[in-house]
Amino acid sequence: MKKNIHVVGAIIIEDNKILCAQRGPDKSLPLKWEFPGGKIEDGESAEEALKREINEEMNCEIEIGEKVDHTVYEYDFGIVHLTTFICKLIEGKPELTEHVAIKWLPTNELSSLDWAPADIPAVEKLAEAIHVK
Ligand SMILES: Nc1nc2c([nH]c(=O)n2[C@H]2C[C@H](O)[C@@H](COP(=O)(O)OP(=O)(O)OP(=O)(O)O)O2)c(=O)[nH]1
């Protein structure tokens with residue numbers, strides 16, 4: 001049976017643009033775009049995991065807002081349960097540590113990137129929103 005992987009992703013918004021991050025070439029889903037974040041560890045809430053991951057991956061502090069989407073996607077390596085939240089940067093500027101690139105895009109340009117499949121429902125929801133604040 002495939003393993004279930006519980007993952008949180010941060011939809012970080014600043015100046016009406018969304019932070020998109022590209023996975024490294026040696027990772028699972030190589031070079032796909034995603035929302036920064038990662039796996040929820042035992043005993044952590046989704047919010048705790050997201051704050052920890054953004055701090056570790058991008059050296060920033062975030063404030064977490066509303067939940068955007070929850071999707072379940074079966075990859076060959078496991079079943080990813082991805083929950084995404086709107087987030088705001090409260091300290092620091094995102095740094096590249098694990099990712100190979102980042103881009104800030106308005107919602108109507110998000111679909112120009114090659115997203116991890118689990119992210120596509122959230123990307124579509126964001127693209128439907130006329131304004132993001
Ligand atoms: N962080 C993040 N992960 C995502 C997204 N969409 C998506 O399918 N994933 C997948 C990729 C990974 O398999 C898993 C997240 O785990 P991670 O970020 O802690 O994993 P990782 O790449 O460091 O480690 P690994 O999977 O290579 O073992 O969820 C997303 O938007 N953000």
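This is a predicted model: local features need pLDDT of at least 70, side-chain atom pairs count only at pLDDT 80 or more; totals for chains, interfaces and linings use all residues.
**View 1. The shell around the ligand.** Of the 16 residues around the ligand, the ones that come nearest are Gly9, Glu34, Gly38, Ala116 and Ala118. Three strands each put at least two residues into this shell: E1 (4–14), E4 (37–39) and E6 (79–91).

**View 2. The fold as a whole.** Stepping back, we count 2 helices and 7 strands in the protein, and along the sequence they run β-β-β-β-α-β-β-β-α. The C-alpha atoms take up a box of roughly 45 × 30 × 30 Å along the principal axes. A compact globule of 133 residues would have a radius of gyration near 14 Å, and the protein agrees with that, at 14 Å. Buried residues make up 29% of the 133. As for contacts with a separation of 6 or more, 67% of them join residues 24 or more positions apart.

**View 3. Asn16, in the loop between E1 and E2.** Here the chain passes from E1 to strand E2 (17–22), with Asn16 in the loop. Asn16 isn't a glycine, yet its phi is positive, near 65°. It has 11 C-beta neighbours inside 10 Å, so Asn16 counts as exposed.

**View 4. Leu31, in the loop between E2 and E3.** Leu31 sits in the loop that leads from E2 to strand E3 (33–34). Leu31 is another residue other than glycine with a positive phi, near 65°. Leu31 counts as partly exposed because it has 13 C-beta neighbours inside 10 Å.

Terms used
Residues are numbered from 1 along each chain as its sequence is written. A residue is near a molecule or strand if its C-beta atom, placed from the backbone, lies within 6 Å of it. Helices (H or I, at least four residues) and strands (E, at least two) are DSSP runs, numbered from the N terminus. The radius of gyration is taken over C-alpha atoms; the globule rule is 2.2 Å times the number of residues to the power 0.38. A residue is buried if 20 or more other C-beta atoms lie within 10 Å of its own, exposed if 12 or fewer, and partly exposed in between; C-beta atoms are placed from the backbone. Two residues are in contact if their C-beta atoms, placed from the backbone, lie within 7 Å.
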